[in-house]
Amino acid sequence: ALPIFNRAKLIPRAIVSVLTQDHDDWEMIILDDGSSDGSAGIVQRLAAEDCRVRLVQQSNQGVSAARNTGYRQSQGRFIQFLDGDDLLKAGKLARHLQHFSEQPETDVSWCEHEYLDERTGKTARYPQCPIARQPLQQLLFEWFDGVSLPIHAAVFRRSLWAGGEVPFSE
């Protein structure tokens with residue numbers, strides 16, 4: 001699930017980073033959260049070229065509501081959340097799925113990530129961080145307590161949210 005709000009300049013690269021993954025059995029739900037910059041048109045053109053990409057539009061409700069809508073619209077057993085300025089490295093999805101296969105009790109698979117400072121052009125790499133207690137809550141809500149893990153670095157097992165629950169507080 002990928003929420004966008006006025007990301008026309010960035011969204012094509014984010015979509016292409018998913019389209020070029022080694023693993024090709026996925027769906028990409030892109031939530032246009034009320035953009036006014038032509039983002040939806042860009043997504044529609046790319047979706048016309050690949051049926052795995054789907055645009056869902058809603059009035060602006062914020063990133064958490066958009067992610068939850070994307071989660072509700074998705075069908076997969078695993079969820080990869082992205083933001084409009086995120087890029088997936090080649091092979092990322094396949095490696096996560098291999099991890100889930102090798103460790104069937106695992107509900108969250110995460111990886112190191114990089115951050116590009118657009119002002120300086122420099123990239124900083126952040127290693128996998130230790131997760132000790134309540135891993136899902138740490139990953140989603142406690143990043144300020146030393147857990148430096150952006151949403152795109154993790155893949156979640158859908159069964160984490162049962163009985164109509166949604167991943168994000170709105």
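Predicted model: local features only at pLDDT ≥ 70, side-chain atom pairs only at ≥ 80, totals over all residues.
Visitor: What does the secondary structure come to here, roughly?

Guide: The protein has five helices and eight strands, and, read from the N terminus on, its elements follow the order β-α-β-α-β-α-β-α-β-β-β-α-β.

Visitor: And how much of it counts as buried?

Guide: Of the protein's 170 residues, 45% count as buried. As for contacts in the protein with a separation of 6 or more, 71% of them are between residues 24 or more positions apart.

Visitor: OK, salt bridges next. How many are there?

Guide: The structure holds four salt bridges, and one of them joins Asp50 to Arg52, with 2.8 Å between the closest N and O atoms.

Visitor: Is Asp50 buried or exposed?

Guide: Asp50 counts as buried, because its relative accessibility is 15% and the cut-off for buried is under 20%.

Visitor: Which side chain does Asp83 meet in a salt bridge?

Guide: The side chain of Asp83 meets that of Arg67, at 2.6 Å from N to O. This pair links distant parts of the chain, since Asp83 sits in the loop between strand S4 (78-80) and helix H4 (92-102), while Arg67 belongs to helix H3 (residues 63-73), 16 residues away.

Visitor: How accessible are those two?

Guide: Asp83 has a relative accessible area of 21% and is partly exposed, whereas Arg67, with a relative accessible area of 10%, is buried.

Visitor: What about Arg72, what does it pair with?

Guide: Arg72 forms a salt bridge with Glu170, and their closest N and O atoms are 3.7 Å apart. Glu170 counts as exposed, because its relative accessibility is 64%.

Visitor: Why can side chains like these pair at all?

Guide: Side chains that carry opposite charge can pair when their charged atoms come close.

Visitor: Let's stay around Glu170. How far is it from Ser64?

Guide: In sequence Ser64 and Glu170 are 106 residues apart, but in space they are 5.7 Å apart, taken from C-alpha to C-alpha. Ser64 is found in helix H3, and, with a relative accessible area of 23%, Ser64 is partly exposed.

Visitor: Which residues does Ser64 touch?

Guide: Leaving aside residues up to four places away in sequence, Ser64 touches Phe168, Ser169 and Glu170. The side chain of Ser64 also reaches the backbone oxygen of Ser169, at a distance of 3.5 Å.

Visitor: Switching topic: how much space lies in the second largest pocket?

Guide: The second largest pocket holds about 480 Å³ of space. It is lined by 22 residues, of which Asp25, Trp26, Glu27, Phe78 and Gln80 are the closest to its centre.

Visitor: Which elements give two or more residues to that lining?

Guide: Those elements are strand S2 (28-33), S4 and H4.

Visitor: And what classes of residue make up the lining?

Guide: The lining of the second largest pocket has 13 nonpolar residues, along with six polar and three charged ones.

Terms used: Residues numbered from 1 in each chain as written. Heavy atoms only, no water. Buried < 20%, exposed > 50% of the residue type's maximum accessible area, 1.4 Å probe, protein only. Helix = DSSP H or I, 4+ residues; strand = E, 2+ residues; numbered from the N terminus. 1 Å grid on protein atoms, 1.4 Å probe; cavity = no way out; pocket = protein on both sides within 12 Å on 5 of 7 lines; lining within 4 Å. Points joined across faces, edges and corners; volume = space filled by probe spheres on them. Nonpolar A, V, L, I, M, F, W, Y, C, P; charged D, E, K, R; others polar. Contact = heavy atoms within 4.5 Å. Polar contact = N/O pair within 3.5 Å; in protein donor to acceptor, adjacent residues only side chain to side chain.
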